[in-house]
Amino acid sequence: MSLKKDLKIKKLRRKALLPRILSIIFVDILLISAALFFGVIATLHIFSDALADNYKSCNAVVELVNDNYQIDDDALFKAVTEFERLSAYVEQVYLTDDDFNVINSFDNEEISFQKEFSVKEAKKCLAEDGLFRNELDDYEVMFGDFINFDFSFLNVESFLFKRDMLDSATEAITVPSGWLVLRSSLGNVNVCIKTNYPVYPATYSVLFLMAISIVCVVIFTGIYELKKIVAFIIEQRKVYKLVFTDNVTGGNNKEYFIRKSSKYIKRNPCYVLVQLRLEKYRNYCTAYGVKEGENLLEDLYNALDGALTKKELAAHLEKADFALLLASDTDGKIEERVGSILNTLGNVRQNQHLLFSVGICRVETRHDDVQSLLTAAGLAITKRTESANNIVWFDASMKEEQVWERHIEDDMEKALENHEFKVYLQPKYSTKEEVLSAAEALVRWVHPELGFISPGKFIPIFERNGFILKLDDYMLDEVAKQQAKWREEGKKLVPISVNVSRAHFARYDLAEHICSIVDAYQVPHEFIELELTESAFFDDKTMLLETVKKLKSFGFKVSMDDFGAGYSSLNSLKELPLDIIKLDAEFFRGADDLERSNLIVGDTISLAKKLGMQIVAEGIETREQVDFLAKQNCDLIQGFYFAKPLPINEFEERAYGTN
Ligand code: C2E
Ligand code: MG
Ligand code: MG
């Protein structure tokens, strides 16, 4: 699966999961907020009870002061300290005058109270905090955070307010605690009480209840929603499995293979990737039906799967291709193992002959891309030769070839437009007089970046992709144009042959087509010769015969190129009314058995002569070969001995002595 596809699936999963998770969070937040709300209400209630109790305790202290202040200091001290000891609310008690000078301390602790705020400021502060109620008649309103506050403005009988009346240097206030200044009935005596608000056990209960309800909420929503999420994840898994399951074999598909193998390879690159192809699958389906074909693929997949060991993989790719990720070993051992796998596969249908091709590519590093490895193994398959159960190892040159082919195909159209294809002419010399009597047009590609490219490197590619049709037309056109030019210049023309690829013979009007190209330059047909390669003779014989006959009737000479390179040469001679045969250069290369090949050459020449054909010997490089061919009455010689293929200007110089 492509990275993009993978990301898309992940995104979809996220998208499907996210709303569910968000809804859980939303419900949780709602229920937790409700629990918190009721908790806070309850706590506040408890707290206000505490405040009332606090109020009472402070009142009691003031009563003590009222009752004992003027009677007995000791009694006052005792009463107050005893009260302090017993009360949960009263921590420290001081008596101050109206200017907040300490008159009496019950704790033997040095303390001073400062007055810094004016009444106006105090009221303002209280108002800003929303605590001020007209008369400050309720001490609860003073439960605030005011420091160094001047209370002298309070001219009321009893205590009326409370404050955090902190001196600048007192200890940190423990929450919730604060100072209260309470007016006694004695005049110029105020009771300053450091009060404390102990946390009620009920508060703990409320907090505990709150925590319990929050936990319950989370567990409830968790269980309720989790069930839904688990069901959803299971459903997702099923979909995921479906995405990675091959719909023909029910096993792993290509996406799964790529994904899983990438993981295995990343952990340990000791693997080989094998691509296995059942040959003639279409044929099988035609004979036994598509359903049976698919059954066969399923059985093959199961057989492959059964042949795997731990941490190996098999998958059906497409059509009749399978992929295997096998543990690495020596080349020989791997081939042995693949051989035995092929045997197992062969036994899947005992009475039917199944033929397989195998491409193997070695994993080099843990970063190898599985898709590229598959392409490489697939490429190796295409290089197999025609033998049973062929196993081909991928090597880098195959890839180079592939890349080269890509470059060639990308550039060919532009090259034709830009006249990058050049006509070279290789002279053919008469054997007896040794004069230039004919020539063959051979193409050369002068590529702007790659330079000079010989035909062997691009003609086979053009033959495969059909571009050869355009190139041959171009060559014929160029040759006809050149002949016309020389004719106009009054030069004595020699026949020039052009190569006609076998692909042309698919068109029924080939002869007319050739005629029209040549006639555009009004070149007499006898000066144009058409070389058909022997491979053309394997195609539709009737069409070929028709075309050859027509070409001859139009006055063109037709020759058979590379005679002797294939098998059916003699047969072809019998069937086709050819004018010329060109003996393949290979006849003259086999130095091993010179006598034997000379015998064959001699006999072929005399046979062709008897059939009224002209003989051209190709690839002649030595004097001895020339002498031998002269003795055998060969008509023309083409080869490096006389000349290599020449650019037009050099050929012109050689043929006509001009430039
Ligand atoms: P071919 O038509 O049989 O051309 C003869 C090949 O033999 C040429 O190779 C030529 O350079 C080479 N040759 C000639 N004499 C000698 C010699 O003495 N020694 C050696 N070693 N080689 C010799 P080239 O030009 O590389 O062409 C290769 C093949 O490419 C041609 O074989 C022909 O089949 C094909 N070809 C070339 N041009 C065209 C074209 O325009 N159209 C088509 N369809 N095929 C072409
Ligand atoms: Mg040729
Ligand atoms: Mg040839």
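Student: How many salt bridges does the count come to?
Tutor: The count comes to 26 salt bridges. A salt bridge is a side-chain nitrogen of Lys or Arg within 4 Å of a carboxyl oxygen of Asp or Glu. This is a predicted model: local features need pLDDT of at least 70, side-chain atom pairs count only at pLDDT 80 or more, and totals for chains, interfaces and linings use all residues. Residues are numbered from 1 along each chain as its sequence is written, and side-chain values use heavy atoms, without hydrogens and water.

Student: Which side chain meets Asp 299 in a salt bridge?
Tutor: Arg 349 does, at 2.9 Å, N to O.

Student: New topic. At what angle do helix 6 and helix 7 pack?
Tutor: About 130°, with their axes 7 Å apart. Axes are lines fitted to C-alpha atoms, for helices over the stretch in contact, and angles run from 0 to 180 degrees between N-to-C directions.

Student: What kinds of residues form that contact?
Tutor: The contact of helix 6 with helix 7 has 7 nonpolar, 1 polar and 2 charged residues. Ala, Val, Leu, Ile, Met, Phe, Trp, Tyr, Cys and Pro count as nonpolar, Asp, Glu, Lys and Arg as charged, and the others, Gly among them, as polar.

Student: Where is Val 27?
Tutor: Val 27 is in helix 1.

Technical notes:
Chains lettered and ligands numbered in written order. Helix = DSSP H or I, 4+ residues; strand = E, 2+ residues; numbered from the N terminus.
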